[in-house]
Amino acid sequence: MYSARKKMSKIFNVLEKYKEKTGLVDNNNNRFSYNKILKKAETITGQVKKRSLILFISSNILESIVGYIAFVKNDNIIILLDKNFEKEFVKKMIKSYQPSFVYKPKDYFLKNLKSKRLYIGKEYELIRTNFKLKNDYNKKNFLLLTTSGSTQNPKLVRLSENNILNNLKNIKKYLNIDSNNTTITTMPMAYSYGLSIINTFIYSGAKIVLSEKNIFEKEFWEKIKNYKVNSISGVPEFFEFLKKLKIDKIKINKLKYFTHAGGKLNKDTIKYFVNHAKKNNHKFYSMYGQTEASPRMSYLECTKNLSKIGSIGKPLQGSKFFLVDEKNKIINKNFKIGEIVYKGKNVCLGYANNIKDLYKGDLNKGKLFTG
């Protein structure tokens, strides 16, 4: 057993001050204070040497979030995958990255993985693989996420703790998130936008209602009502489904805002939700981002939802956009087509294809060619 590092991650170094405030509500409607969450995290942290590599099979349940907090606090490097990823892809990742530890649901079986159980919870377990224990990776590497369309190869986005911290602070400030906010999970934890919400709300001492139900199930709406959810986020498909459900007929009494990101939303759908927001005295935020930017880059001011419909909006504080031509020269003239380049402290370090790439540092230097 390894001794836990006393100094916490900068992302979660504020959790102790929220003490008995509810941080998570699990799928069985049990409430967990931040004190309880941290105590649970400590039972996992002592099993893992800091800076070692963990392959994490995530889901929207309590022990998944607690494990994530534990590994972040312990300064580990996390490869975050989803339980619904194909097993062959997960096996390919294990072979390419040779993680020292795997944290996974107990019923998630991986054939031919030689391992030793170090921690067994109700639904999750931590196992030590037979790969050599390493912790000499580049110190800037912190979190590795899949890019869209990368489930056919082991290419991952390398993010630093400072990338994540810069982004969540900007989002927290812009959306005015504090410990009185409550959200509900609508996306997989391993999806960068879903994780961004988890990071931001935990950092703010806010409440996250965990749900693996979809919006067509009664239990999803019961949780929103019972726990007074006041913030709901989703990707375009989520809002298209909400529109089909006729969200204007569903009363969400405490709602403060919707946030949309993860792709372009149909203009008619935007108009529908902007009008819904006006009628029901809440806000509708459109945001733009990529996993490579930790992941959010810009927002469209609510007052301009209709006059600038379809716009990606303004860059987050301390960052900027510019256009470049085919020769990577900056375009200053209006109505010229070019590639959007983003510059900010939340731009990823680079990519990884295997364990060797974890010895690399910051290759992007804060600049992202968005494609």
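In this predicted model, helices H7 and H8 cross in a left-handed sense, the near helix being turned anticlockwise from the far one by less than a right angle. Helix H7 (residues 236-244) packs against helix H8 (residues 267-280) at an angle of about 65 degrees, and their axes lie 10 Å apart. The contact (heavy atoms within 4.5 Å) is formed by Phe239, Glu240, Leu242 and Lys243 of H7 together with Asp268, Thr269, Tyr272 and Phe273 of H8; by class, the residues of this contact comprise four nonpolar, one polar and three charged.

Residues are numbered from 1 along each chain as its sequence is written. Local features need pLDDT of at least 70 and side-chain atom pairs count only at pLDDT 80 or more, whereas totals for chains, interfaces and linings use all residues, and side-chain values use heavy atoms, with hydrogens and water left out.

The second largest pocket has a volume of about 530 Å³. Its lining is made up of 22 residues, of which Asn60, Thr186, Met187, Pro188 and Lys213 are the closest to the centre of the pocket. H7 gives the most to this lining, with three residues, and the lining as a whole has 10 nonpolar, seven polar and five charged residues.

Eight salt bridges are present in the structure, each a side-chain nitrogen of Lys or Arg within 4 Å of a carboxyl oxygen of Asp or Glu. Because Lys83 lies in the loop between strand S4 (77-82) and helix H3 (87-97), and Glu212 in the loop between strand S11 (207-209) and helix H6 (218-226), the pair ties together parts that are 129 residues apart in sequence.

Terms used: Axes fitted to C-alpha atoms, helices over the stretch in contact; angles between N-to-C directions. Helix = DSSP H or I, 4+ residues; strand = E, 2+ residues; numbered from the N terminus. Nonpolar A, V, L, I, M, F, W, Y, C, P; charged D, E, K, R; others polar. 1 Å grid on protein atoms, 1.4 Å probe; cavity = no way out; pocket = protein on both sides within 12 Å on 5 of 7 lines; lining within 4 Å. Points joined across faces, edges and corners; volume = space filled by probe spheres on them.
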